[in-house]
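Trainee: Could you take me through one part of this model up close, and then show me what lies around it?

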Amino acid sequence: MPLPAASAADTAPVLTTGAVFNDPLGTPAEQDAVKNHIIKAIDDTQSGRTLRAAMYALTDAGYGDALGRAHQRGVQVRVVLDHSYSTSAAATQLTSALGTDMTKASWVHICPADRACIADATFNADKNHINHNKFFLFSRVGDPGVAEDVVIQTSANQTPANTSRFWNNAYTSVGNTELYTAYTGYFNDLAAENRNADYFRQGATAGAEKYYFFPQSSGDLIVDVLNNVSCTGNTTVGSASHKTVIRVAAYAFYRAEVATKLRELADQDCWVEVIYNETDELTALGNHARIKPYKLHLDNGTPTSEGDDLFVHSKYLLVEGNYAGHPDTKWTFTGSHNLDVSSLRENDEALLRVEGAATHDAYRGNFLAMRAMATLTG
């Protein structure tokens, strides 16, 4: 007798820790890879569970509809949304469905106009205060014990352009209760508008992962990260001569201190590659034998209501080599944090550090694929 067809639940892949990348030049499924990954997690969240989302821009009805469906089937859906896109059709429909009463099980909280939810302790109209976060938290996805305490940190805004025009990534952490609890605390502070110009938080390493929440009123976390890099001491990883390799994917690169530190490391025999969309730091990043800056910004030639250019929107930093006294190791830093002053001082932002070859090598593969589409500029 033939076996009965498997149900969707039997064949659906289990949510696991790891990275997902989209390709705006790929098939529809490849373009929507990050979006579909997040929406599937939303759709697999069962009644009685809690789902939290912190978003800068929500204009894609696919996300709004999925969050609305979750609410309708009894999921506690809680959303913090920046004011900038809060009047879009998708955002207003979700706000209408969930309401804004934060004493209820589900709600939408919108940061005030021209303000972040945390960052601007003292409002300054000359600053670019926004809740720039893009993360989703799930108390459980699927059946008990399958995917508990889930964090999805992405670079993608919830807009159509972030699938069809921008290169993005998402990192998923499953079962790291310490990380999930820290993100939940940060989300609650966003929702409560616990304003603090120096909110900066960093956690002790939780398994392979460590979190950083912004704003940071002084210093520069990325410079501190790079200060941990040593260019030599490796025997198995890095360049052909086992020098440490640093790779940066940046939508916006406007922090002179970071560029200067990268050049210092190149002077010390590190290899540095940068893929960017916008920068004013080519003086520091160019004309160096061990620094290769690449611009990834293409004219697609098919205008839409959101424009036609394609460009890197990811924000990540990879270290392959000697980090914090540990040679032959691999590290990934990824999140919503651009290499500009706003992301450091003025915005609500999150960044994740992940230790390990599997994650690093997945991001490195994505980096090399983007590099193949980019133009060397220095």
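Trainee: Which residue takes a positive phi just after H7?

Mentor: Happy to! Just after H7, Glu193 takes a positive phi of about 50 degrees. Before we go on, note that this is a predicted model, with local features needing pLDDT of at least 70 and side-chain atom pairs pLDDT 80 or more, while totals for chains, interfaces and linings use all residues. Residues are numbered from 1 along each chain as its sequence is written, and side-chain values use heavy atoms, without hydrogens or water.

Helix H7 covers residues 177-192; helices here are DSSP runs of H or I with at least four residues, strands are E runs of at least two, and both are numbered from the N terminus. The 16 residues of H7 should span 22 Å, and the end C-alpha atoms are 22 Å apart, so the two agree (the expected span is 1.5 Å times one less than the number of residues). Buried residues in H7 include Leu179, Tyr183, Phe187 and Leu190 (buried is under 20% relative accessible area with a 1.4 Å probe, protein chains only).

Now to Asn168, in the loop between strand S7 (166-167) and strand S8 (169-174). Asn168 counts as buried because its relative accessibility is 1%. Beyond its neighbours within four places in sequence, Asn168 is in contact with Val20, Phe21, Val34 and Asn162, among others (contact is heavy atoms within 4.5 Å). Its side chain makes a polar contact with the side chain of His313 at 2.9 Å, and also reaches the backbone nitrogen of Ala156 at 3.5 Å (a polar contact is an N or O pair within 3.5 Å, one able to donate a hydrogen and the other to accept it; residues adjacent in sequence count only if both atoms are side-chain atoms). Asp60 is 108 residues from Asn168 in sequence and 15 Å away in space, C-alpha to C-alpha.

Asp60 in turn touches Lys35, a residue of helix H3 (residues 33-43). Lys35 has a relative accessible area of 16% and is therefore buried. Lys35 also touches Gly62, Tyr63 and Thr163.

Finally, the sheet: S8 belongs to an open, mixed sheet of seven strands, ordered S1-S8-S6-S5-S2-S3-S4 (strands pair if DSSP finds at least two bridges between them). Strand S1 (18-21) and strand S4 (107-110) each have a single partner strand, so one side of each lacks a neighbour in the sheet. Within it, S2 (residues 50-55) and S5 (residues 134-140) run antiparallel, joined by five bridges, and Met55 stands opposite Lys134.

Technical notes. Buried < 20%, exposed > 50% of the residue type's maximum accessible area, 1.4 Å probe, protein only.
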